[in-house]
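User: I've got a model open and want to go through its sheets, a pocket and a helix pair. Can you walk me through them?

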Amino acid sequence: MTTISPADVGVGPDGANPAAAPAILARQEARESAARTYARSLPIVPVEAAGCWIVGADGRRYLDFLAGAGTLAVGHNHPAVVEEIERVLRSGAPLHALDIATPEKDAFTEELVRDLPPGLREDPKLLFCGPTGADAVEAALKLAQTVTGRHNVLAFTGAYHGMTSGALAVTGKVAVKEPLPVTGAVVRLPFPYPYRCPFGVGGAASAEISASYVERLLDDSCGGITSPAAMILEPVQGEGGVIPAPDAWLRAMRELTTRRGIPLILDEVQTGVGRTGTFWACERAGVVPDMLVMSKAIGGGLPLAIVAYRAELDTWAPGAHAGTFRGNQLAMAAGRATLELVRTQALAERSAVTGERLLTGLREIARGRVFIGDVRGRGLMLGLEVVSAEAAPDQIGARPADPRLASAIRSECLARGLIIELGGREDSVLRLLPPLTVTDDEADLALEILAESVTAATEQAE
C-alpha cells in the first residue's frame, strides 16, 4: 500500500496509468443504469486507498471526505480491519452462513451489545437483516406494525430512510417518490430546521413549536390520525442536509411516544458508530429508542444491517423477516474490529474534537459570504448550505437554495483533490463526512482546499 500524506494531494503515484481511467468510465456509462449517482459527480476510478486517501487510475491522489457516505468509520483499509478480513479468509470458515450461529457472528454480537446505548444494551434483541440500511428500516417498520397491530407510521420532513418500498414511504424527498404509487400509511410531521423553519419563525422556537404541534396533532380527536404503529426519525438528518435534531426536541419525541405507547425507531444508519461525537447520536440527548436501526459503519465497510430492539418487542414468528445475505461473515469480522477500534481508541470523542475544529474553519469560510446561508453539524457530520446571494431573504432571513453554485464548488474541490458530496433541499448543502481517524493536518488541508474552491467557483459565476 502506498503511503499517502497531505503533501501528496493531487500528485500522481509512480506507475499510474491515467489513460485507463477514461476508458473505464466510458464503459461504466455505456453499461450501467441511469440511476447511478456518485459516479456522475465523482468521475474517478479508485485503484488504491488508505485512511482518508484514495489513489485514482487518473494518476491523482484525493482526500476523501465522503468515506463511503459515512460507511468507513476508520477510513480505507485500516490495518486492523484488513487483518480481520484476511484472518477469516485464511481460516477456511464459511463466508456464507444465512442466520446460523458462527464464532465470527458470536464475537461480533458480543462487541455490538457492549457498545449499544445504555438502556438498550442490558437486554436487547438483534435482528440481522442485511445487506443495507433500507432493509433494516423495513424490518423495524414491520416489527412495529406486528407488535402494535397498527399501520400508520409517523415520519418527518427532510427524512431519508432508504429506497425500498417501506423505507421510501417514510423518506421525505419528493423527486424519488413522485413516479411511484403511494405505499404505506405515513403521516408527515415537521422536522425542526432552524434555517428553513417550517413554521416561519426560525431559531430555537422552531423545535419548540414542532414538539407542541406533534403533541397536539396526536391528541386531536379530529386530527385525522389513527393510532400510529411507530415514529421513525434520524437524530441528525444526513441526506436531508445535515440537520441535527435539538436535544430537547428529541427528548420530547421520546416522552410523547412513550406516553402514547408508540414505538420510537431511531435510524442511526449514518449517525452511528461515533460519527456525531458520541457512539450513538441519541446518547447526546440521553434518549433510548425502542428500536435502533444500524448499517454503514457497523459492517466495517462491508454490507451489514441490524435492528436492535427491546426484548419485550420480540413477537416475530420464525421467518417473519428473512434475508439471504444476513450472515455476512467478513462484514461481521470487519465490523467487530471497527467497533472495537472506535471504542478503545475513543474515536467518538475524537470525532467531537475534530468536528469542532472543522466547524470553526467552516464558519470562517462562511464569514462575509452571503451565499453561504448556514453552517451546521455534529462531530464529523458537517454541512454548508449554499444559497442565492442575489435573491431576497424570506421573513426569517433564509435565501433560496443555489444548487448550481453548490455543484460548482464540489467540482472545484474535486479538481483540487478533495472529495465531498451534496445533499439537502435541491442538493445545495455541501456535506463533509470524513473518517473518524482524520488527522488535524488532513482537516486543515480540507478546509484550505474548500476555501480555494469556494473562491474559484464564485469568481467563475460572476
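User: What is the strand order in the open sheet of four strands with mixed pairing?

Analyst: Keep in mind that this is a predicted model. Strands in a sheet pair through backbone hydrogen bonds, either parallel or antiparallel. In this open sheet the pairing is mixed, and the order reads β1-β2-β3-β15.

User: Why is one side of β1 and of β15 left without a neighbour in that sheet?

Analyst: β1 covers 46-50 and β15 covers 418-419. Each has a single partner strand, so one side stays without a neighbour, because both stand at the edges.

User: Which strand gives the largest share of the lining of the second largest pocket?

Analyst: That pocket holds about 330 Å³ of space. It has 16 lining residues, and the closest to its centre are Asp99, Leu126, Leu127, Trp316 and Arg326. By type, the lining splits into nine nonpolar, two polar and five charged residues. The largest share, four residues, is from strand β4 (residues 124-128).

User: Where is Pro131 found?

Analyst: The peptide bond from Gly130 to Pro131 is cis, with omega near -5°. As for its place in the chain, Pro131 is in the loop between β4 and α6 (133-148).

User: Are α12 and α14 roughly parallel or roughly antiparallel?

Analyst: Two packed helices are described by the angle between their axes and the distance between the axes. For α12 (residues 347-366) and α14 (residues 440-461), the axes come within 10 Å and cross at roughly 25°. The crossing is right-handed. Angles under 35 degrees count as roughly parallel, so α12 against α14 is roughly parallel.

User: What is phi of Ala346 near?

Analyst: Ala346 lies in the loop between α11 (329-344) and α12. Its phi is positive, in a residue other than glycine, and is near 50°.

Definitions and conventions
Residues are numbered from 1 along each chain as its sequence is written. This is a predicted model: local features need pLDDT of at least 70, side-chain atom pairs count only at pLDDT 80 or more; totals for chains, interfaces and linings use all residues. Side-chain values use heavy atoms; hydrogens and water are left out. Two strands pair if DSSP finds at least two bridges between them. Helices (H or I, at least four residues) and strands (E, at least two) are DSSP runs, numbered from the N terminus. On a 1 Å grid over the protein atoms alone, a cavity is a set of points where a 1.4 Å probe fits but cannot get out, and a pocket is an open set with protein on both sides within 12 Å along at least five of seven lines; lining residues have an atom within 4 Å of a point. Grid points are joined across faces, edges and corners, and a volume is the space filled by probe spheres set on the points. Ala, Val, Leu, Ile, Met, Phe, Trp, Tyr, Cys and Pro count as nonpolar, Asp, Glu, Lys and Arg as charged, and the others, Gly among them, as polar. Axes are lines fitted to C-alpha atoms, for helices over the stretch in contact, and angles run from 0 to 180 degrees between N-to-C directions. Angles under 35 degrees count as roughly parallel, over 145 as roughly antiparallel, 65 to 115 as roughly perpendicular and the rest as oblique. A crossing is left-handed if the near helix is turned anticlockwise from the far one by less than a right angle, and right-handed if clockwise.
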